[in-house]
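Welcome, and thanks for taking a look at this one. Below is a short briefing, grouped by topic, to read alongside the sequence and the 3D view.

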Amino acid sequence: NSEVGQRSLGIQTFWFQQVCGNHLVWDAVEVVEFSRKHTARVGESLEEIRDLILHLVDRRDQRKDSFAKVIENAMKTELGSDADEVLKILAREGIPKNLSKEVIESAQEQGRFTIFAVVDALTRLSGKIKNAGDRNEVDRKSSALLSLAA
């Protein structure tokens, strides 16, 4: 304990999508910070920290179930009935035409143009893009497509 509150006790919780190689956290959401001065009554803060962690666990389960439903819907829902229709939708969503053609070919291998097949193809193809900023842009647009299955 610090008589003057020089130290503190704290916790920060959040959900995130990815941590890159230089340890930056991408897409942190539901960020919660808790901090208390480390004085004589700091022990009372442990119950508040416990409640924050329990809330985080509850949100994990809600997010997990929600994500699983979106993926299930994406695997069932067709983005379009044929290649031309899918190309139009990809163009509307800002996917470059040359990349869209590769996506169509890859998605056709899976049998039909489900949202999942198209997003999966986009994700695999974005990994081949040289510049990180361009990859990130394609990944962002493909996640927007996935939201159509929500």
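Let's begin at Ser100, which lies in helix H3; helices (H or I, at least four residues) and strands (E, at least two) are DSSP runs, numbered from the N terminus. This is a predicted model, in which local features need pLDDT of at least 70 and side-chain atom pairs count only at pLDDT 80 or more, while totals for chains, interfaces and linings use all residues. Residues are numbered from 1 along each chain as its sequence is written, and side-chain values use heavy atoms, with hydrogens and water left out.

- Ser100 counts as buried, because its relative accessibility is 2% (buried means under 20% relative accessible area, exposed over 50%, partly exposed in between, with a 1.4 Å probe and protein chains only).
- Ser100 is in contact with Leu87, Leu90 and Ile95, leaving aside neighbours within four places in sequence; contact means heavy atoms within 4.5 Å.
- Besides Ser100, the buried residues of H3 include Leu99, Val103, Ile104, Ser106 and Ala107.
- Those buried residues of H3 pack against H2, H4 and H5.
- H3 has 13 residues and spans 19 Å from first C-alpha to last, close to the 18 Å expected at 1.5 Å a residue (the expected span is 1.5 Å times one less than the number of residues).
- Just after H3, Gly111 adopts a positive phi of about 105°.

**The largest nonpolar core**

- The largest nonpolar core holds 24 residues, and Leu79, Leu90, Val103 and Val118 touch the most other members; such a core is a set of buried Ala, Val, Leu, Ile, Met, Phe, Trp, Tyr and Cys residues joined through side-chain atoms within 4.5 Å.
- Two or more residues of this core come from each of helix H1 (45-76), helix H2 (83-92), helix H3 (97-109), helix H4 (115-126) and helix H5 (132-146).
- H4 gives the most to this core, with seven residues.
- Not counting residues up to four places away in sequence, Leu79 touches Glu85, Val86, Ile89, Leu90, Phe113, Thr114, Ile115, Val118, Leu145 and Leu148.

**Loop residues**

- Ala40 is found in the loop between strand S4 (29-37) and H1, and Ala40 is exposed, with a relative accessible area of 69%.
- The C-alpha atoms of Ala40 and Phe67 are separated by 43 Å, and these residues are 27 apart along the chain.
- Phe16 sits in the loop between strand S1 (8-15) and strand S2 (18-19).
- Phe16 is partly exposed, at 41% relative accessible area.
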